[in-house]
Amino acid sequence: MFPKGCLRRLWVILLSSWFFIPGVYGETIELYVGHNESPRQDGSVKYPFADIHSALKHVLKIREGKSEPFVTINIQPGEYHLTSPIVISPALSNVHLKGAGTAEVRLKGSVLLKSAWEKYNANVYVASVSGVPEFDQLVVNGKTQVLARYPNYNETTHYWQGYAADAVSKERIKTWKHPEGAILHAMHKSEWGDFHYVITGIGNDGEPVLKGGFQNNRVSELHKTYRMVENVMEELDSPGEWFFDKEKQLLYYWPTPGIDVHTARFEGAVLNNLITIKGSENQPVHNVSITGMTIEQSRRTFMETYEPLLRSDWCIYRGGAVYIEGAEDCTIRHCQFTALGGNAVFISRYNRDVYIVANLIHDCGASAICFVGDASAVRSPLFEYHQSMPFAQMDTVRGPANNLYPSECEADNNLIFRIGRIEKQSAGVEISMAKGIRVSNNSIYDVPRAGINIGDGTWGGHIIEYNDIFKTVQETSDHGAFNSWGRDRFWHPNRQSMDSLNALHPGIVKWDAVSTTIIRNNRFRCDHGWDIDLDDGSSNYHIYNNLCLNGGIKLREGFYRKVENNIMINNGFHPHLWFANSHDVFCRNIVSTAHKDIRLKSWGDEVDYNLFPSQAALTKARANGVDRHSLFGDPRFLNPETGEFSVREGSPALNIGFENFRMDRFGVKDSALQKIAEKADIPVLMTISDDLQFRSPVADWLGARIKNVESMAERSAAGLSETAGVIILEANETSQAFKTGVRKGDVIISAAGQPVNKIQDLMKLYQQKKTTGELSVVIFRNQAEERLTIRF
């Protein structure tokens, strides 16, 4: 028998292919859309409809009183500027919007700007632009221009291609005649995403009055350095920059070399959304395909309404250039998405068998593909990291409360790069409150954060396979090429409370993470974090046959993770803050370093049969009571210079049960996309010394053992915003430190009002206060600051 859903999945793929299969629906109708100036528009090849809206209205008309014939709307070559979004309702099911190809058909959310240009000064031109909707992206001869900004745009620089600590300093603001309407972009203090604000005025203190900052679910101060301001007339000081004076309806532009403003083509993005497919669970849109077109030039959406995605770090705008809700058996295939101000494709709430296949998605403001359910489907939902719910108040039923979530949907064979150009809390594929999503054969790179992000455990069953993900976490911190959270019903911001809750109710972990999520046969590379990062609470995962090229694998604070038969190049295994009964397994993996464990209460069900690079690394693992049957030695990779990391015959890896897996199936398989897709850089193999890893000296202080915070791993485990502070390794109950409130895992970040970056800072301040008998300190515990008075 076929697996559940297999026949239906095959049927959908056939229906959504390039060519309609005659006879499936009986009557079939072919309509045409093209640039037709004739008053006669009947949808024929000779007299096509002038726009897609007219064609869809005609479909409704011909279906009056009839059955529902399948309709193909052939879109002829040309540019189509939309004045309003295309909306496909349930009555427009069984429709194929078929473009002539991405190079031929361009669907635009912009208007043409036709104005007479005059010289404003030696470099800048000005034109009156009235009678058009408000636009926030300017495109000249097909290329998006730069809204007047400080600092100036530099393609080689991260964080909005240029950042400056004085972006909104009092001194700079004084040089602006009208600061109202300026837009401030700033990173989270810990670089966990970003914030966006509009300046509404200037306070009595000379500081800007800001509106916004709701785009991130982890409240934070603004990063002091990573800031950029735009939409300021006085900052229009380099080629390619522009500014629109809304009050006077005047457009200012400094043309780039080679642009003649009198003959150039100017377009302004005016729509957030270009296509909406919207039905409901009871009356879904079904069997709709969109193929062969470029979808481009939408407005930026970072100041629209955002909503928190449960207790993950994310808030999100529920929208995109293509928005799909209440759909079944629908496909977006062989399209290009570019020059978009926000998300490209957003699959929202109830959806079944929606396929996003073989698309080119690049140069977008936010995420490429989002699968996001509705919070009403989540039992006992919470919406901020520090929120918690007593067990007696919880809904204890397993699984979703309703069907308002995407399920059995796919993102397959897409080429995704240069996304998150504005919004750094973004991903190539984002999954939240969904079930059974397949993400396969995608190439994802040049992104500010994770290539693939799963925001929570609800409701698992996802399959992540055959993807090639690299050049990730380029503008954020403490993340991975693959990143996830699992702050579900079992999770509590206080780890001691969480440990107790799960000990009393061991089944609670799978109330939300109902089905196992599989990560297999992928190639990951992250140079600024982990290759695979299962962060807070991520549970019920099976991770196997993955090639990790740089960042290793991290498992933090979760349960039921089985990691086997993976290869970790130049890195290894990072278990962080495991619970007493995590039931985790790490076996038959090839690692390049010693295990980098931090604050474990146990080592799970099994950590064994792994291959280490050296005897010292293996000895260290065995000192922790694990890896009894593991070996060390040269894995004997077949051809590591070319990325062939299969092991040769006679490799010690084969003796611990490792099995080779194919190294030639990562990323897009569409031939056209393969020609333009980049490949991950293959690293040079490091020579691993017996020193394992550098550690600063451990000191004793008031009976506690302390050390410097010195690595990204320690920073991540504590949830710190920077790699600084003094961490408490041990504080037994008889120590003076414990008696005054200090606990194992605390990080001292300041004392006596002064920052504590290392042990020397703490000892100096301690000596200064020794005669007083007490020292006021700020510690970081459970990812929040607490104040203590240390008495001695």
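## K554 and its surroundings

The side chains of K554 and S716 meet in a polar contact of 2.8 Å. This is a predicted model. A further polar contact, at 3.4 Å, runs from the side chain of K554 to that of D535.

K554 belongs to strand β47, residues 553-556. Its relative accessibility is 0%, so K554 counts as buried. Beyond its neighbours within four places in sequence, K554 is in contact with residues including D478, W530, I532, H574 and H576. D535 and S716 are also among these contacts.

## Aromatic pairs

The whole structure holds 28 aromatic pairs. One of them is W117 with F266: the ring centres lie 4.9 Å apart and the planes meet at 35°, so this pair is tilted. It links distant parts of the chain, 149 residues apart. W117 sits in the loop between β7 (110-112) and β8 (118-119), F266 in strand β20 (residues 266-269). Both W117 and F266 are buried.

Y120 and Y252 also pair, with centres 4.9 Å apart; their planes stand at 75°, so the pair is edge-to-face. Here 132 residues separate the partners. Y120 is in the loop between β8 and β9 (125-128), while Y252 is in strand β19 (residues 250-253). Y120 is partly exposed, at 45% relative accessibility. Y252 is buried, at 9%.

## Cluster and charges over rings

One aromatic cluster is formed by F490, F559, Y560 and F579.

Arginines also lie over rings. R218 is placed over the face of Y385, 3.9 Å from the ring centre. The charged end of R487 sits over the ring of W491, at 5.6 Å from its centre.

How values were computed. Residues numbered from 1 in each chain as written. Predicted model: local features only at pLDDT ≥ 70, side-chain atom pairs only at ≥ 80, totals over all residues. Heavy atoms only, no water. Helix = DSSP H or I, 4+ residues; strand = E, 2+ residues; numbered from the N terminus. Buried < 20%, exposed > 50% of the residue type's maximum accessible area, 1.4 Å probe, protein only. Polar contact = N/O pair within 3.5 Å; in protein donor to acceptor, adjacent residues only side chain to side chain. Contact = heavy atoms within 4.5 Å. Phe/Tyr/Trp six-rings, centres within 6.5 Å; stacked < 30°, edge-to-face > 60°. Lys NZ or Arg CZ within 6 Å of the ring centre and 35° of its normal.
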